[in-house]
Amino acid sequence: SDKQTQQIKNQPFEELKNKEFLTVREVARLLNCSVRSTYNYIESGTIKAVNFGQRIIRVKRSEIDKLFS
């Protein structure tokens, strides 16, 4: 888990910006907030996400863009 965290932290932002679907952790990285805050945004409806199963939540990149428009 710590190894995965380090890999995500080292991913360039450009790679995240080009992806169509993002994980909760990637969204948190783009928004510069905690993973828990990202889950709170999803639960409150601020960010729309799709739950594909247990621990598989994806957010469309366009949803993040909508926050800033």
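Student: How many salt bridges does the structure hold?

Tutor: The structure holds four salt bridges. Keep in mind that this is a predicted model. Now the general idea. Side chains of opposite charge can pair when their charged atoms come close. One case here joins glutamate 26 and lysine 19, whose side chains meet with N to O at 2.7 Å.

Student: Which residue forms a salt bridge with aspartate 65?

Tutor: Arginine 61 does. The closest N and O atoms of this pair are 3.5 Å apart.

Student: Why are aspartate 65 and arginine 61 separated by about one helical turn?

Tutor: Because they are four residues apart in helix H5, which covers residues 61-67. Aspartate 65 is partly exposed, at a relative accessible area of 40%. Arginine 61 is buried, at 15%.

Student: Where do glutamate 63 and lysine 66 lie?

Tutor: Both lie in helix H5. They are three residues apart, about one turn of the helix. Glutamate 63 and lysine 66 form a salt bridge, with 3.2 Å between the closest N and O atoms. Glutamate 63 counts as buried, with a relative accessibility of 12%.

Student: Now helix H3. How many of its residues are buried?

Tutor: Six of the eight residues of H3 are buried, so the helix is largely enclosed by the rest of the structure. Those buried residues are Val24, Glu26, Val27, Ala28, Leu30 and Leu31. Glu26 is the salt-bridge partner of lysine 19.

Student: Which residue follows H3?

Tutor: Asparagine 32 follows H3. Its phi is positive, near 55°.

Student: Let us turn to pockets. How much space lies in the largest pocket?

Tutor: First the idea. Rolling a probe the size of a water molecule over the atoms shows where empty space is left. In this model, the largest pocket contains about 310 Å³ of space.

Student: Which residues line the largest pocket?

Tutor: Gln4, Ile8, Thr23, Val24, Arg25, Val35, Tyr39, Arg55, Ile56, Ile57 and Arg58 line it. Helix H1 (2-10), helix H3 (24-31), helix H4 (35-44) and strand S3 (56-60) are the elements that give two or more residues to this lining. S3 gives the most, with three residues.

Student: How do the residues of that lining divide into nonpolar, polar and charged?

Tutor: Six are nonpolar, two are polar and three are charged.

Student: What about the outside? Which residues form a nonpolar patch on the surface?

Tutor: Val50, Phe52 and Ile56 form that patch. Together they have about 280 Å² of accessible area. Ile56 also belongs to the lining of the largest pocket.

Student: Where is the place of valine 50?

Tutor: Valine 50 sits in strand S2, residues 50-53. This valine is partly exposed, with a relative accessible area of 41%.

Student: One last residue. Is glutamine 7 buried or exposed?

Tutor: Exposed means over 50% relative accessible area. Glutamine 7 has 52% relative accessibility, so this residue counts as exposed. Glutamine 7 is found in helix H1.

Student: What separates the C-alpha atoms of glutamine 7 and isoleucine 42?

Tutor: A distance of 24 Å. Along the chain, these two are 35 residues apart.

Technical notes: Residues numbered from 1 in each chain as written. Predicted model: local features only at pLDDT ≥ 70, side-chain atom pairs only at ≥ 80, totals over all residues. Heavy atoms only, no water. Patch = residues over 30% accessible without salt bridge, like charges linked within 9 Å, V, L, I, M, F, W, Y side chains within 5 Å. Areas by Shrake-Rupley, 256 points an atom, 1.4 Å probe, with all protein chains shown as cover. Buried < 20%, exposed > 50% of the residue type's maximum accessible area, 1.4 Å probe, protein only. 1 Å grid on protein atoms, 1.4 Å probe; cavity = no way out; pocket = protein on both sides within 12 Å on 5 of 7 lines; lining within 4 Å. Points joined across faces, edges and corners; volume = space filled by probe spheres on them. Nonpolar A, V, L, I, M, F, W, Y, C, P; charged D, E, K, R; others polar.
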